[in-house]
Amino acid sequence: MKKQMITSMLSAALCLAPQVEASPVKVGMITTLSGGGSGLGVDVRDGFMLAVNNANNSDLEIIIEDDGRKPSLAVQIADKMIQKDKVDILTGIIWSNLAMAVVPSSVNQGILYLSPNAGPSALAGKGCNKNYFNVAWQNDNLHEAMGSYANGEEHQNSFILAPNYPAGKDALTGYKRFYQGQLAGELYTKLGQTDYAAEIAQIRASGADSVFFFLPGGMGISFMKQYSQAGMTIPLMGPAFSFDQGILQAVGKSALGVRNSSQWNKDIDNAANKTFVADFESAYGRLPSLYASQGYDTANLILSAMQSSDINDKDAFRAAIKSAQFDSVRGNFRFGNNQHPIQDIYVREVVMQGDVLTNKIIGVALKDHQDAYAADCAL
Amino acid sequence: MGAILLLEQCLNGLQLGIMLFLMAAGLTLIFGVMGLINLAHGSLYMIGAFACAAVASWTGSFTLGLVASVVCAAAAGALIEIGVMRRLYQRDHLDQVLATFALILISSEAMRWLFGSYPLYLDVPEMFYGAINLFGVLQYSRYRLFIIVLGLLTAVGIYLLINKTRIGMRIRAGAADRQMTAALGINISLIFTLVFALGAALAGFAGALVGSIQSVDIGMGEPVLILAFVVVVIGGIGSIRGALVGAIIVGMVDTLGRGYLPQLLQLILDPVFANTLGAALASIAIYLLMIIILIFKPKGLFPAHG
């Protein structure tokens with residue numbers, strides 16, 4: 001009895017102590033770990049957990065659940081994590097449609113949301129929120145970079161295509177925002193389409209001097225294989241998503257030489273990135289992808305904020321997150337007013353290293369780039 | 001130029017149609033003979049593609065990969081029939097849909113467990129790379145031409161099997177009257193297993209052929225399954241001939257719609273709006289077609305049972 005009293009007095013004393021004794025932080029990760037597209041979620045999780053394990057901070061608790069790429073399931077998990085598990089922070093969602101289903105209601109309940117991937121325009125402009133941070137990019141960014149790059153390459157007549165859904169429209173809008181040449185054609189394909197013979201025939205007949213495409217996941221693999229199998233040689237350009245480490249091997253040599261835009265690559269020269277690439281390879285036995293780097297940065301951002309502030313003081317914690325005092329694997333990283341990144345976006349080329357297809361940075365497409373919606377955000 | 005592009009698009013449509021036929025043939029056969037709705041048909045397609053990719057990367061031979069796809073899909077089909085389907089023939093269609101939907105989830109996760117979350121690599125053999133000159137004017141993908149030829153041969157093979165062989169006669173008998181066929185001393189449950197395995201083998205074969213020009217990915221079967229159902233409904237449930245005609249119509253409408261609808265609409269509408277509307281119409285064109293056909297022919301183009 002006496003002993004118990006001493007312990008409780010001790011702990012009370014500890015609580016009252018002026019030194020910042022960090023409260024535990026509970027993070028709920030909702031991501032896609034099964035079914036189609038699970039490679040992306042697995043990479044975000046693995047990158048995130050690598051940073052968490054390296055930090056070995058016992059105050060940080062992570063709960064991970066699989067959304068199966070279903071918006072309704074993601075909403076259920078978010079409700080459970082907020083009400084039952086009492087998480088402080090949510091993260092992990094890969095797809096913009098799932099993010100739109102989960103993020104607005106969560107941040108309105110005072111939960112912080114840090115996006116490691118999806119960056120729909122609806123959350124960047126008028127719909128921005130003090131509790132929402134995007135650690136990856138706003139959806140348009142990589143496409144804008146490719147449009148700017150096409151000008152530099154003096155492409156005059158691009159053929160552009162993307163799936164007929166909101167992120168596809170954002171993609172082509174992003175490209176056209178920076179690209180100054182003519183359009184040889186503009187096509188919206190069916191979401192999930194796997195046969196591109198009709199589109200490739202149109203590209204061949206259009207007289208284009210370059211092709212920009214945004215076809216995430218299996219769609220991009222199908223398109224590139226069919227494009228090269230048809231003997232097409234018009235240069236291809238696209239955002240990093242169709243050329244990332246996870247799927248390059250499935251595309252095979254059809255991807256060689258393709259230029260693509262990314263905010264990260266494994267050859268960016270800084271200490272944090274070198275540690276990340278080496279640790280990731282030794283922990284998981286494969287090369288990290290863009291998604292893994294985003295997961296890793298997200299976890300390190302949370303850890304950095306935990307060091308300087310307490311989660312129970314929401315304003316201070318938000319300020320700590322917004323100051324982004326962490327070593328990003330991308331090098332320079334800061335948040336704009338709408339809490340989306342301001343960062344460099346690179347152009348990469350797909351190369352063969354040994355017998356592994358991978359990317360090499362060949363230049364900077366946009367320096368210190370901020371998204372086009374920031375001005376509409378009241379923050 | 002316009003005529004050549006049109007010809008190329010027609011060939012593309014034919015190729016898509018042939019692929020859909022391989023899927024739809026199995027589906028319609030299984031429904032026609034056993035009265036079973038098999039949602040897991042897309043999973044057999046996926047199993048074929050994964051088997052082909054795995055064997056092709058181990059052995060370096062695409063031909064062995066194709067053989068493996070047929071064998072694995074047929075084996076999976078036989079296993080599913082014996083293990084699960086047999087219990088469902090007497091049940092309601094809703095039970096069959098539920099059970100086969102469960103099979104989709106199980107096989108997707110099984111593939112992920114076996115091969116990981118990333119798409120697999122499968123390329124067409126070197127000899128089919130590039131284009132071939134047709135009629136002196138048209139450059140057409142060799143591999144797609146190969147698919148067309150192989151698919152047509154398979155269609156002829158199925159026709160001969162069903163219409164000219166003893167086993168085919170028994171299958172037709174089983175479809176016409178199950179009880180009577182069994183009463184005549186024919187082992188009907190063996191016939192069912194065979195038909196299911198045959199349908200599965202066709203799906204696996206299609207998966208392997210298409211896998212090398214698309215992505216070999218978890219969940220790759222579901223979009224094709226939906227198209228195959230459209231084909232089966234248009235063609236008439238249970239009819240192989242209907243499946244062939246339906247598949248080619250769907251392939252043509254889909255490909256030509258994607259190729260020409262936006263341009264055609266631009267003749268009468270504002271270009272930006274025409275583009276958006278064209279893309280939207282092209283993606284629903286086959287469903288519109290299905291509705292129209294069903295209005296005039298509620299049992300499809302070639303109803304199997306009169």
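User: Are helix 5 of chain B and helix 6 of chain B roughly parallel or roughly perpendicular to each other?

Analyst: This is a predicted model, in which local features need pLDDT of at least 70 and side-chain atom pairs count only at pLDDT 80 or more, while totals for chains, interfaces and linings use all residues. Residues are numbered from 1 along each chain as its sequence is written, and chains are lettered from A and ligands numbered from 1 in the order in which they are written. The axes of helix 5 (residues 142-164) and helix 6 (residues 166-176) of chain B, which are lines fitted to C-alpha atoms over the stretch in contact with angles from 0 to 180 degrees between N-to-C directions, come within 5 Å and cross at roughly 75 degrees. Since angles of 65 to 115 degrees count as roughly perpendicular, under 35 as roughly parallel, over 145 as roughly antiparallel and the rest as oblique, the two helices of chain B are therefore roughly perpendicular.

User: Which residues of helix 6 of chain B make the contact with helix 5 of chain B?

Analyst: Two residues are in contact if their C-beta atoms, placed from the backbone, lie within 7 Å. Helix 5 of chain B contributes B:Leu161, B:Ile162, B:Asn163 and B:Lys164, and on helix 6 of chain B the partners are B:Gly168, B:Ile171 and B:Arg172.

User: What pattern does chain B follow along the sequence?

Analyst: Helices (H or I, at least four residues) and strands (E, at least two) are DSSP runs, numbered from the N terminus. Chain B has eleven helices and two strands, and read along the sequence they give α-α-α-α-β-β-α-α-α-α-α-α-α.

User: What percentage of the residues in chain B are buried?

Analyst: A residue is buried if 20 or more other C-beta atoms, placed from the backbone, lie within 10 Å of its own, exposed if 12 or fewer, and partly exposed in between. Among the 306 residues in chain B, the buried share is 52%.

User: How many residues of chain B are in contact with chain A?

Analyst: Counting both sides, 32 residues of chain A meet a set of chain B residues that numbers 40.
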